[in-house]
Structures are given as structure tokens and as C-alpha cells.
Amino acid sequence: MTISYLEYELQAGFVHNWLIAGPVEIPLLPSSDDDLDGDALNEGARKLKIAQARYQQEPGIEGQPIDRGEAQVGDQTVIWSYVRCLDDHFVDLSTFHHTWHYLRAWAYTRLRVVEAAEVGFVLTTNGPADVWINGEHVHRQEHFAHQDPQSVAFEAALKAGDNEILVRFEAVAARECPYVMALALASGVEAADVEVRIPTPIERTARHQMFEQVFPQAFLETETAFKGRNVMLHWAEDLDARFNYQYSVQDVLNRIHISGQVEAAPGIQLNVGHDFRIWQGPFHVVLRPRSEEYYPPHNVRYQWDLPFYILDTEYVDEPYGTYETRSREALTYAATQEDNVYGQIARMALGMWDEVDLDVILDSIAAINDRGDCSDFYLVGLLGVMYRYMDEPDFPAALKAPLKDCVLNFKYWLDEPGTDAMCYTTENHSILFHTCEILAGQLYPDEIFANVGKPGRWHREKGERLARAWLKTRGATGFWEWDSNCYFEEDLLALSHLVGLAESVTVSELAAVVMDKLLFTMAVNSYKGVFGSTHGRTYAQQIKTGQLEPTSGISRLMWGMGVYNQNLRGLVGMATSEYPFPLLIAEIAKDLPEEMWNRERHIISDEGDEINKVTYKTPDYMMASAQDFRPGEKGYQQHIWQVTFGPDAVVFVNHPPVVSENGAHRPNFWAGNYVLPRVAQWKDVLFALHDLPEDDWLGFTHAYFPVYAFDEYVIRGDWAFARKDDGYLALGASEGLELVRRGPAAYRELRSYGSRNVWICQMGRAALDGDFEHFQNRVLALPVSIEGLDIQFETLRGELLAFSWEGSLHRSGEVQPITGFRHYENPYTSVELPAEMMDIQFDATVMRLQF
């Protein structure tokens, strides 16, 4: 075989070009060898012990590395694949495993230097890693840093000429598993004197490298589309080449649904959608060289992926139908999702017994029996099946014994024997486990449950005691995972089963009033079906568009605005529940007054930590934020603020630690903040102050700004303006901003470099501010003074706002409180924290929630 080399430069001192083999994933079962029977709360120590027990002094991989070449790891064959790092310098293999796994991967490259040198390296990983240079082991680092990869410096010699670099990096996965590696040359050699070389069988190396440069200049107009709509692929206006290429639309199994060969040229557009060849689910557009180049003899095997999602139903932003008709519609939709166990439950609810797929249900039972993470999400639905349908004459007899065995052998709380990867203590998981334990105990009161050797009535009593405490806390002090557009779905899944199936009147009634409170919270903080609030926890896919929110189908069911999507658990749970939905809450969700100002305060921990949040809603937009929430501290999955014009026209700012949107990273590129900002909002104006460390990994904050979701947008100096219908937005950054036109976030990202940065958002409306150009000119003329993180800004409403990293928000010289709110204060209710009861009013109708 002829070997050629792809040649590259270091990027900011980092190696960006690698061959990757693996990861090799080894399932772990509870045993003394893997130490899975240890302390369930000390996962970090257990992970390190597992890695130490499996340590090998040798690399553990055999065969000459070459792109697409084979290698041996024990008796397993793996393939070397070329990877080019993005702006965060990481080789990113992050993943999610519902059960415990041990992972190993290898990264290989060659560094050519002119003269021999002692070089200072820095290796950054989440877990243990080893480095070999020219076959000699030169470094091992041994740590587990779950969401905060650690950098370790070491020195090693490079000889003149080519040097083979091999990095083996490890992980132990239990649920989310951030899994990255970056290698930098920090001293001892000038970056310009280092050449990175990747061995490849490709002879046309220049052609390969041309595709690497040009493919990131393509982008999709939208990342979510209704089936049959156009999915437009754009090439940048300043594309620096014209060339022929092949595109294909592929699903998650890489099956090709659409393909074609076309020419790329500056500014050209191509519709890659199709009326019937693609349907609901995740897809990606794959760009690659034409077939005659991609396959032998030329083998230019480079490709670039652009992900998008197709929905079978269209988003609705105007209320329609009745709750009863939408319940039937929701179940009919869910029944079409045949691979989802909740789709099978919907078929049972509709009496579609001939179409129930037993394999889907049995697979779900098997996963629960393995005690994988999220087992509680599915066991509660199966318990609902056993209560509602198991006595039906058409119920499949083959399911009865597996269901019973599953229920009697499950682990219902963290204090029971056995180690597993299930998450118990987050707000949503807790109530789901308690619900499962109550329903299981009711179902088999006299049977012995194998895991603890106790009868069902014991489990029922325990589950009821824990559920009552959870329900009373949420009733009195609110939701820890506040306004979570993913985990409110799970809360509703649990509560909807308790309302109709719990035999305890106290538990059933408490569940109903907490459901009322949760749905009221959604209604107040939603805009035309989009739950566009600040969120205690969320994921990137669910904030970039309201169409993929897990609560969107629930919103459509409850008040007729939203879209049915891939998230069925809460939807089916609600549609099959006996819960008596108060129509007053639907009226509040539909209400779009000239101005709605909502302030809330929730207790979010046992220690009494608080969230103070506000929402400002008009007929043309909604803006919501978390006020002064832990500024300067490390964040997790908190979504601090957002502007919502519609399901796809949303804007927000965050501080990312990585460029990946993978949910294993918490935070990631769009969801959460590595360092939380200090935020204050007064109605239609918001300030977000960011104070980053000087050595911040990426060094920027950025705004999600999807230009094709707006009717108009323009960037004028340090301000970006957008219009959607009659709503306007002006977004500025004290360190300046630029629209990103390359890479995965092209034409969706406004990036602002700088460690101390003040973002300003001023909203407007045609009814108040005239036409869009007039709005822009008025904003540009507003007096604004920024010194460091101190800002004074005169708003379009003639008020002078002043805000800093410390101290109060001042409005025209008076202190405007941003913390210490009542539990809820808005046009529909006003109640102190903690709350014993809550009166909610719309027009002449009042409902009382008694906690």
C-alpha cells in the first residue's frame, strides 16, 4: 500500500488532526472485580478503581495506524478514522450509557520537527490517559473530572524528523459521559516549526484538504422542518471555490433516503428535502466528494455532516379544538410512533390490539430489568398499562408474566440493595420512583418484592410517605428544576399516574393540585405554545427550537398550541390520565395582553437556595430570565434567559466550555453556562454581565441568533437587530460581536470574545416603536455608558437603568428589586413563599389550590 501524508499546522498550539480508534466499550456488571458493589454515592472513586483495575502498561492496540486502516484490540478489530478538531481543540467522544461501561480510545498523529527538542506538552482529559512517543511511554495522568476536564503538563523529547504520538484515553460511563482529549505543545518548540502529519492511503491529498476547507462553508437554513417542507442547503456568499460534490440525506442508521451530485458555488441554494422520502426523526445531510472521487481508485473519503430533524406534524401557534378532541388526536399521533413503548401504550388506549408490538414492550421490560438509567420513565407507563388494560380480553397474555416479574424484582429507591447507574435524587426521578413504588405496592400488596424481601403493602406505605413529602414541598415552595422544558414532562408523567391510580385520596388530590400549579407555571411562562422561559435544566436541542421541546406536545394537548414530536411520555401519560384539567389554565396560556409582568421565587434545594425569575409577555414576543442567579459560579444545565418570537425565532446568550451540543456535556455549546452571568431584567430590557476567567478555554460568550427564523435582521456596529412579525430585538455586546459564517453554527451564532462582557437586550414592538428601521435608529441613539461590568442605559421607554456585578438594579435612581420576590406575582395570582394555598383568577373565574 502506498502511504501519503495529510499535512497541517498546529492551531493555537494544539494538535487538531488525529487518527482515532475506538472507543472500545466494555459493559460492567456488579462484581468484586469492577467494584460496582461499593458506595453508590461515590461514583468518582469507583470509576477510578475500575480504571486502575484494568490498567495496561502496553498501549493495547496493534497494527500500523493509517486512515481507515484496521487495528487489533485483543480479539476485536477496530478502524482508524480521521478526525479534525473544532474550535475547542477536543477530540470529543462523549456518550451516554444507561448502565456501567468501561471505555478506551486511541488517538494517533505524527509531529515533524526540524531539530530535536525537549518539549513541554499539556494533555487535557476527563479521565486517565497515557502518552507514547516513538513507542516509549512518556506520561500517565490518572484522574476523573466529570464535567470539568483537567489539564496536566509534562515534558518529553522529540527527535528531528517525524515523531509518532499515541494517546490512550479512558472513561468509565454511568449515564452521561463527557469524554474528550486535547494535546497542546506549550514550550520548547515554535508552532511554525511543527508539522502535523496524518498517514493516509489517499494520493490526492490536496483534494482531501480542499474539501476540509470548503465543506464547513455550507449550512442548513433550518435544523427542524415539517415533513414535506423545503430543507434548504446554502453555500456561503464568499465561498472560495467552485467544485462538484455529492450530497445525501441519511438517517441515524446511515441509510440513504435522498442523494444527488451538484456543483457548489458562492451563494447557491439547494433544497435537500422531499415530500415523502423522509419522515419524522433525526437526519443529517452528508457532503462528500463525488462517487468517482470518494471510491477507489482515488478514495478521497472525507465527509461533513449537517444534522436536522423532521416532524410529522406542523406547529400550531393559534388555539384550536377542545381538550377532549385533542386527547384523541394526541393518542392517534402517538400510536404512529411504533418503536416507542408509549406509542404501544397509545395503541392499547385506542383499542388497537392487533397492532400492539410485543417486542417493543418486551425490550422495554428487559431494559428495566437491567436497572438502566431512566428505567423509572418506562416502568411507570407499564404500571399504568397493568392497571388500565391488563384485564381487557384482548390484552396479550405473553406480557402478563414478564410484567409481573419486572415489577416484583425492581429496585424502587436508592436505599435498597444493589449498585446500578439509575439516577434517583433529581426532582423528576424522585417522584417517578415514588410513583412506581406506590403503584407496584398497590398492585401486589401481599407479594414479596425480591430486592428487599418486603411485601407490596410495605412498598406502598414507603412510596406514599416519600411522595407526600415531595408533593407538599412543590406545593409550598415550588420546583427545583424550575420551568424545565424537559423534566416538567417527567413530573407530569408521574403526577398524571398518581391522580388516577393512587388509592390514597391524599396522594391523589395532592398530585392533582401540584399538576395544576405546574401547568399554570407553564401557561404563564409560555408564548404561543413555546415554553420559552428560563429553565432549571435543559438540553441544546430543546432550546434552539420550541418544536423539539418535550413539553411542546403537552402544550398542544392542554391549550391547543405546540407540536407533537418525538417526546411521548408526558403526552401519553396526560392523554390517558383521569386528571380533570382546569380550562382556566388554558385560557391563561392563550392570553396575550398588551403587557404581562410575572415575578416568581422558588426554593430549589434542601438548603434553601432560591431562584428569582421574571417573564415579560406582549402580543409580539416574550422575554424571561433568572435574576442574579449564582453569578460567577460554575453552571450546569441552567438556561438563564431567552427571547421568544415563535418556535424557531428564539434568542439567548450563554458561555460555552466546548463546541459540542452533546447532552453529555453539562454545560455545552448552547445549553448552560460554564461561568454563570449576572442578569437583571426590567420588562423589555435585559442586562447579562459575564466575568470569565482570564484562562477561559474558549474565551467568548455568544448568542443564539438564527437569522433565517427572522423576517429581517441586520448588524450595525456592535448591535444585532431582528424582526419577527411586529416584534423587534436589539442585542448588543460591549466587546463587540460578529456573525459566525463558517462551521456547525453558521448563521446562527453571534460571537463576542472577551473575559468581561456586558450584553444588552432591548425589545420593541411596531405598536410602540414604529417601523423596524425607526426602531434601529432609536436604539442606536440611546445613551449608554459601560465601564468594565458597570452599565448605565437609557431605555426606549425613557427610564435610566444602572446595573453592576455587585449591588442593586437601579431604575431612574430608585432600587428595583431583582430578588426576594413573592412566590408568584402576576395578573392571575399573588402568593407569598411558602404557600399554603394559591388562588388563580382569569376574568371572573377563580380556582383555589390547597397545598
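This is a predicted model: local features need pLDDT of at least 70, side-chain atom pairs count only at pLDDT 80 or more; totals for chains, interfaces and linings use all residues.
**Entry: nonpolar cores**

I began with the largest nonpolar core. It has 104 residues. Leu519, Met558 and Trp559 have the most contacts inside it. I then looked up which element gives the most to this core. Helix α12, residues 505-524, does so, with 13 residues. A second, separate core has 79 residues. Ala71, Leu123, Trp235 and Phe308 are included in that second core.

Next I listed the contacts of Trp559, leaving out residues up to four places away in sequence.

**Entry: helix α16**

Ile585, Ala586 and Ala589 sent me to helix α16, which spans residues 583-590. Which residues of α16 are buried? I noted Leu584, Ile585, Ala586, Ile588 and Ala589. Their cover includes helices α12 and α14 (552-559). Strands β46 (837-842) and β47 (845-850) are also part of that cover.

**Entry: Leu471**

I picked Leu471, found in helix α10, residues 456-477. Is Leu471 buried or exposed? Its relative accessibility is 0%, so Leu471 counts as buried. Beyond residues up to four places away in sequence, Leu471 touches Leu495, Val507, Leu510, Ala511 and Val514. Leu471 and Ile202 lie 269 residues apart in sequence. In space, C-alpha to C-alpha, that pair is 63 Å apart.

**Entry: cavities**

Rolling a probe the size of a water molecule over the atoms shows where empty space is left. I counted two cavities of 30 Å³ or more.

The largest cavity holds about 40 Å³ of space. I wrote down its lining: Tyr342, Ile345, Gly381, Gly384, Val385, Arg388, Tyr389, His497, Val572 and Thr576. Helices α5 (341-349) and α7 (375-388) are the elements that give two or more residues to this lining. Which of them gives the largest share? I found that α7 does, with four residues. By class, the lining of the largest cavity has five nonpolar, four polar and one charged residues.

The second largest cavity holds about 30 Å³. Trp597, Val614, Gln627, Gln681 and Trp682 are among its lining residues. Leu809, Gln816, Pro817, Ile818 and Phe821 line it too. How many charged residues are in this lining? I found no charged residues, with seven nonpolar and three polar.

**Entry: second largest pocket**

I moved on to an open space. The second largest pocket has a volume of about 340 Å³. Its lining has 20 residues. Asp148, Pro149, Pro657, Tyr674 and Trp697 lie nearest the centre. I sorted the lining by class and got 10 nonpolar, six polar and four charged residues.

**Entry: a four-stranded sheet**

Last, I traced an open sheet of four strands. Its order is β6-β13-β8-β11, and the pairing is antiparallel. Why does one side of β6 and of β11 lack a neighbour in the sheet? Strands β6 (91-92) and β11 (150-158) stand at the edges with a single partner strand each, so one side of each is left without a neighbour.

I then checked the pairing of β8 and β13. Strand β8 covers residues 117-125, and strand β13 covers residues 180-187. They pair in the antiparallel sense over six bridges. Thr125 stands opposite Met181 in β13.

Definitions and conventions: Residues are numbered from 1 along each chain as its sequence is written. Side-chain values use heavy atoms; hydrogens and water are left out. On a 1 Å grid over the protein atoms alone, a cavity is a set of points where a 1.4 Å probe fits but cannot get out, and a pocket is an open set with protein on both sides within 12 Å along at least five of seven lines; lining residues have an atom within 4 Å of a point. Grid points are joined across faces, edges and corners, and a volume is the space filled by probe spheres set on the points. Ala, Val, Leu, Ile, Met, Phe, Trp, Tyr, Cys and Pro count as nonpolar, Asp, Glu, Lys and Arg as charged, and the others, Gly among them, as polar. Two strands pair if DSSP finds at least two bridges between them. A nonpolar core is a set of buried Ala, Val, Leu, Ile, Met, Phe, Trp, Tyr and Cys residues joined through side-chain atoms within 4.5 Å. Buried means under 20% relative accessible area, exposed over 50%, partly exposed in between (1.4 Å probe, protein chains only). Contact means heavy atoms within 4.5 Å.
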